[in-house]
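Here is a friendly walk through one model, meant to be read with the structure open beside you. Please keep the viewer at hand as you go.

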Amino acid sequence: MLKGACFCGAVSYIVTGTPTLSAFCHCTNCQRLSGCPFVHTIHFPSSAFTWTHPAPHEDRLDSYVPPAKPWKTRWRCKSCGACVTSASSKTGNHSVWGAHLARNEAGKILNWESVKPTAHIFYETRMLDVKDDLGKWTGYENTSTRLE
Ligand SMILES: [Zn+2]
Ligand SMILES: [Zn+2]
């Protein structure tokens, strides 16, 4: 089980089980929505995701549906604005971001081995080159062209 929360802590969740995907995403949607060169995205089946802040959960949440992807709903904290999950009605997945997961005293994410990224995806639109041992893909890992 993994715990996650927004920056201010007003919104929190747990996810259980094994991710179906964990990768550094360099797509332009992630870049523009996060303001960062790439994000650590982690996908779970929606059944694995549960809000843990007090109900009614939506009192503390705003939602946003990207016009180009009407099947996706992004949920963000009304207080601090951090977007903590994106739910897809098409795939039945919840995406969460590694940066929001609970950490130890040294600032390291707990259970890192179970959630660490296995690839760089949508790497062609990268804002910087990454020199590591993970595969670099034009789209999703193993279903697109491997660049490096
Ligand atoms: Zn917050
Ligand atoms: Zn992305």
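## Terms and ground rules

A residue is called buried under 20% relative accessible area, exposed over 50%, and partly exposed in between, using a 1.4 Å probe and protein chains only.

This is a predicted model, in which local features need pLDDT of at least 70 and side-chain atom pairs count only at pLDDT 80 or more, while totals for chains, interfaces and linings use all residues. Residues are numbered from 1 along each chain as its sequence is written, chains are lettered from A and ligands numbered from 1 in the order in which they are written, and side-chain values use heavy atoms, with hydrogens and water left out.

## Two positive phi angles

Phe122 is a residue other than glycine, yet its phi is positive, near 50 degrees. You will find Phe122 in the loop between strand E10 (119-121) and E11; helices (H or I, at least four residues) and strands (E, at least two) are DSSP runs numbered from the N terminus. Phe122 counts as partly exposed, because its relative accessibility is 25%.

Asn111, also not a glycine, has a positive phi of about 55 degrees. Asn111 sits in the loop between E9 and helix H2 (112-115). With 47% relative accessibility, Asn111 counts as partly exposed.

## The sheet

Eight strands form an open sheet with mixed pairing, in the order E6-E7-E8-E9-E4-E3-E10-E11. Strand E6 (61-64) and strand E11 (135-136) are at the edges with a single partner strand each, so one side of each is left without a neighbour in the sheet. Two strands count as paired if DSSP finds at least two bridges between them.

Strand E8 (residues 83-88) and strand E9 (residues 93-97) pair in the antiparallel sense, over two bridges. Which residue in E9 is the bridge partner of Ala87? That partner is His94.

## The zinc site

Cys25, Cys27 and Cys30 each coordinate the zinc ion (ligand 2) through SG, at 2.1 to 2.3 Å. Donors here are N, O and S atoms within 2.8 Å of the metal (3.2 Å for Na, K and Ca); water is not among the atoms, so sites may look incomplete. Along the chain, the donors of the zinc ion (ligand 2) follow the spacing C-x1-C-x2-C. Cys25 and Cys27 are both buried.

## A cis peptide bond

Ala55 and Pro56 are joined by a cis peptide bond, with omega about -5 degrees. Pro56 lies in the loop between strand E5 (49-51) and E6.
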